[in-house]
Amino acid sequence: CQCASYLLCAALAMASPDVRWFVIHLWLVPLVVGQPAMWGHFVAQHTGTGEGSDPYHPNQASHTARVVLTHPAYEWLSWSMNYHAVHHMHPRVPFHNLARVFATAPDRFEHVECGYSRAH
């Protein structure tokens with residue numbers, strides 16, 4: 001599905017100069033500039049979590065993904081993806097409710113870090 005959307009954008013960009021301007025300036029430039037800044041965020045979500053300590057459910061999301069408690073401004077900027085393990089356990093929960101779901105049972109998560117510098 002993601003590949004199809006990339007191909008559609010490329011086809012539209014080749015067909016029209018107006019669409020090409022939007023694809024370049026509103027998609028490619030932000031992607032190239034913003035992606036490197038987010039690598040630390042992405043790497044912290046799963047790196048170093050191993051398979052978890054539960055021998056009966058080694059690949060359970062609460063053990064293989066991380067919750068990073070961070071500044072509210074960054075939480076807003078990242079659409080609450082600092083609650084990544086919660087997102088994996090409950091993929092249908094909207095991003096703005098992930099913190100609320102985490103608060104109901106924080107002890108269920110093996111990897112809870114205070115800040116991204118501690119997650120690396």
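Tryptophan 79 is found in the loop between α4 (72-77) and α5 (84-89), where helices (H or I, at least four residues) and strands (E, at least two) are DSSP runs numbered from the N terminus. Serine 80 has its place in the loop between α4 and α5 as well. The model is a predicted one, in which local features need pLDDT of at least 70 and side-chain atom pairs count only at pLDDT 80 or more, while totals for chains, interfaces and linings use all residues. Residues are numbered from 1 along each chain as its sequence is written, and side-chain values use heavy atoms, with hydrogens and water left out.

Most residues other than glycine have a negative phi.

| Residue | Phi | Relative accessible area |
|---|---|---|
| Tryptophan 79 | near 55 degrees | 55%, exposed |
| Serine 80 | near 60 degrees | 8%, buried |

Aromatic pairs are rings of Phe, Tyr and Trp (its six-membered ring) with centres within 6.5 Å, counted as stacked when the planes are under 30 degrees apart, as edge-to-face when over 60, and as tilted for the rest. By this rule the count comes to 5 aromatic pairs. One of them joins tyrosine 74 and tyrosine 116 edge-to-face, with 5.5 Å from centre to centre and 75 degrees between the planes. Because tyrosine 74 lies in helix α4 and tyrosine 116 in helix α7 (residues 116-119), this pair ties together parts that are 42 residues apart in sequence. Tyrosine 74 counts as partly exposed at 24% relative accessibility, whereas tyrosine 116 counts as buried at 14%. The rings of phenylalanine 102 and phenylalanine 109 have centres 5.4 Å apart and planes at 50 degrees, so that pair is tilted.

Setting aside residues up to four places away in sequence, valine 67 touches Asn82, Tyr83, Ala85, Val86, Phe102, Phe109, His111, Val112 and Glu113, a contact being heavy atoms within 4.5 Å.

On the surface, Tyr6, Ile24, Trp27, Leu28, Val29, Leu31, Val32 and Val33 form a nonpolar patch with about 680 Å² of accessible area together. Areas come from the Shrake-Rupley method with a 1.4 Å probe, and for residues only the protein chains shown count as cover. Patch residues have over 30% relative accessible area and no salt bridge, with nonpolar side chains (Val, Leu, Ile, Met, Phe, Trp, Tyr) joined within 5 Å and like charges within 9 Å; a salt bridge is a side-chain nitrogen of Lys or Arg within 4 Å of a carboxyl oxygen of Asp or Glu. Helix α2 (residues 17-46) gives the most to the patch, with 7 residues.

The chain as a whole comes to 7 helices and 2 strands, in the pattern α-α-α-β-α-α-α-β-α. Of its 120 residues, 28% count as buried.

Key: Buried means under 20% relative accessible area, exposed over 50%, partly exposed in between (1.4 Å probe, protein chains only).
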